[in-house]
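Let's walk through this one together, starting with its strands and ending in its core. Have a look at the fold before reading on.

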Amino acid sequence: MTESICVPANVQMGILIDMGTRDEDAESSGAMLSLKNTYLKTAINTNETVNYGIAQMAGGHFEVDYNRENIFYRVNCLSHDVVDVFSMAADCAFEPKNFVSAGVGAHKNAETHKLENYLGGNEVFNDAIYSAAFGNTSLGNPLQGRRNNVSNLSAYVLQRFQRENITPERVVISATGIENHQEFVDLVQEKMFSTQLSTKGRERNQSQYVGGEIRNLTESSNIHIALAFEGANHQNAIPLAIAQTILGSKLIFDFR
């Protein structure tokens, strides 16, 4: 007599939104950082406590990260929790932020800036590179937003930013480990149908390379120097990757 044990598969799901700090303006600078700092805070279908409980009970992990062009919601769980966990992740990604979330986001943004200054990381240095290359707009926007704009990130500003940049054509949903693909497709379609997303967002302006020089005076005895110049676009990624291999790993290409 044999005993069979069935262990549910581990599922990884991701929601990628074509929205980053390049889409911020003077009023919404820091919006991406606020969305990351308050990603569990929802108020329509669930709330932060419920969302945290769902992630924990599913034995999964939920995290959010963003860059200048994208924000990515990554979550994993057991296969029998896919419906609840995906619905939670979708709410966190698409639900408009209310005044409570905006207040918490402003506080956390301020703490993030304080921590960055205390730790003395490379964020300011990397921001300076992009600012020198593209100016103070689009790809030149700082990754954590402008510190003097933290208090201006109201619910109205965050909702406008979400409404203008989160549209169906900017969203990609992926998953691995799904037992029934069609059931997951139906789940996604049903959730997206019931989610109020703008049908047309703001058109993204093309980033213009301007070039320039930025110097940051510090009390450190170490000197960090970066030299960058405009190169080829992503269509030349393969030959440039070959050139990188030939010339060595110190040569870095950023296809934007």
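**From hairpin to core**

Start with the hairpin: strand 2 and strand 3 make one, with four residues between them. Strands here are DSSP E runs of at least two residues, helices are H or I runs of at least four, and both are numbered from the N terminus. Keep in mind that this is a predicted model, where local features need pLDDT of at least 70, side-chain atom pairs count only at pLDDT 80 or more, and totals for chains, interfaces and linings use all residues. Residues are numbered from 1 along each chain as its sequence is written, and side-chain values use heavy atoms, with hydrogens and water left out.

Buried means under 20% relative accessible area, with a 1.4 Å probe and protein chains only.

That brings us to the largest nonpolar core, with 41 residues; Met 13 and Tyr 73 are among those with the most contacts inside it. Such a core is a set of buried Ala, Val, Leu, Ile, Met, Phe, Trp, Tyr and Cys residues joined through side-chain atoms within 4.5 Å. Strands 1, 2 and 3 are among the elements giving two or more residues to this core, but helix 3 supplies the largest share, nine residues.

Technical notes:
Buried < 20%, exposed > 50% of the residue type's maximum accessible area, 1.4 Å probe, protein only. Pairing = 2+ DSSP bridges.
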